[in-house]
Amino acid sequence: MPVSEGEAPGTILEQTDVFALAVRDLVAEFAAPIGELEIATEGPVDPVVLQEQLLTLLLAGRSSALSQRELRRRLDDLQTAVAESEEAREEQAALLEDEQLANAETQDELRRVLRDRERLRLLVAQSDSGAAWDEDHSEPESPESFTELLEWWAEGRLTGVVWTGDDSVTQALDDNDPLGTWAGRAWDALRALSGYYEVCAQAEGFAGGVHQYLKETPAGYPGFSANKHVPVESQTVLTNQKWRAERVLPVPTDVCPEGQVLMQSHMRIGARSTIAPRLHYYDDTSGTGKVYVGYLGRHLHNTKTN
């Protein structure tokens with residue numbers, strides 16, 4: 001490069017030296033964390049050595065960037081694998097739940113057949129002896145629809161079980177329950193809750209919650225399959241704000257000043273369908289002395305419905 005008029009000779013070289021020193025200082029600064037380069041910060045700058053050091057630093061930086069990209073890729077793969085594993089686990093849990101419920105329904109049907117057999121044997125024995133049929137041995141009446149179920153409830157046929165839910169949500173189940181099978185099962189669940197209330201209201205009380213009552217129903221009180229009862233929701237549901245909010249249901253203010261509580265406990269009324277009705281309730285027998293049902297309708301959202 002030609003020297004400009006009025007510019008002292010050697011100025012360009014001096015500027016080049018300053019630039020080389022600045023590059024050396026930068027190389028030393030960024031090479032320090034790597035620990036593989038010994039950069040002398042004193043004395044003259046050897047352009048060849050500086051070039052090699054700068055190249056080494058750049059290669060180390062590129063290698064680090066590639067490593068970071070590879071780590072990110074592996075992390076993404078691991079996160080995907082975890083998500084797929086969780087989804088598979090939830091699916092297997094859902095299948096197990098359906099199988100358990102189907103088994104519970106089979107057991108209920110077996111018990112019903114055995115009760116019918118015993119009643120027939122009793123009827124035959126009474127017929128032979130000339131005794132009249134004891135009406136107390138007849139099967140409890142069941143509603144033919146959810147609309148009728150709500151009417152019976154409003155008439156006071158259930159003791160200690162208070163309805164705080166939305167009638168229209170419950171009545172909508174009738175569109176998918178033409179034979180009243182779900183309605184009858186829901187009524188059985190409600191009768192069991194009423195029986196639980198009655199046991200708790202006795203002077204000696206009851207040492208246990210609803211699930212214990214269902215597992216060991218006292219003689220003479222209505223029961224319901226404990227396999228169809230879920231005392232608490234899964235952490236997956238509880239940590240999902242939207243799903244959790246669906247289960248915060250109305251109660252009287254003497255139960256909770258906010259007028260609503262989280263109703264985790266629920267009964268499985270039906271399975272193996274997109275409706276799969278559920279009955280959510282809140283046990284306040286230790287407070288107001290009653291059981292509050294805040295929801296009776298199609299399955300609320302969870303991992304199976306989303």
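Two strands pair if DSSP finds at least two bridges between them. Helices (H or I, at least four residues) and strands (E, at least two) are DSSP runs, numbered from the N terminus. The model is predicted: local features need pLDDT of at least 70 and side-chain atom pairs count only at pLDDT 80 or more, while totals for chains, interfaces and linings use all residues. Residues are numbered from 1 along each chain as its sequence is written, and side-chain values use heavy atoms, with hydrogens and water left out.

**Sheet and helix α3**

Strand β1 and strand β7 (residues 290-297) pair in the parallel sense over 3 bridges. Val162 stands opposite Tyr292 in β7. Helix α3 packs on the sheet and touches β1 and β7 (contact means heavy atoms within 4.5 Å). The direction of α3 makes about 120 degrees with that of β1; axes are lines fitted to C-alpha atoms, for helices over the stretch in contact, and angles run from 0 to 180 degrees between N-to-C directions. The open sheet has 5 strands in the order β1-β7-β6-β5-β2, with mixed pairing. Its edge strands are β1 (161-163) and β2, each of which pairs on one side only.

**Helix packing**

Helix α3 (residues 146-154) packs against helix α5 (residues 181-201) at an angle of about 30 degrees, and their axes are 9 Å apart. The two helices are therefore roughly parallel (angles under 35 degrees; over 145 is roughly antiparallel, 65 to 115 roughly perpendicular and the rest oblique). From α3, Phe146, Leu149, Trp152 and Trp153 meet Trp182, Ala183, Ala186, Trp187 and Leu190 of α5. By class, this contact has 9 nonpolar, no polar and no charged residues. Ala, Val, Leu, Ile, Met, Phe, Trp, Tyr, Cys and Pro count as nonpolar, Asp, Glu, Lys and Arg as charged, and the others, Gly among them, as polar.

**Two buried residues**

Buried means under 20% relative accessible area, exposed over 50% and partly exposed in between (1.4 Å probe, protein chains only).

| Residue | Relative accessible area |
|---|---|
| Tyr213 | 0%, buried |
| Glu233 | 12%, buried |

Tyr213 is found in helix α6 (residues 210-215). Beyond four places in sequence, Tyr213 touches residues including Ala192, Val199, Phe206 and Pro222. Tyr196 is 17 residues away along the chain, and its C-alpha atom is separated from that of Tyr213 by 6.5 Å.

Glu233 lies in the loop between β2 (229-230) and α7 (235-238). The side chains of Glu233 and Arg247 are joined by a polar contact of 2.7 Å. A polar contact is a pair of N or O atoms within 3.5 Å; within protein, one must be able to donate a hydrogen and the other to accept it, and residues adjacent in sequence count only if both atoms are side-chain atoms.
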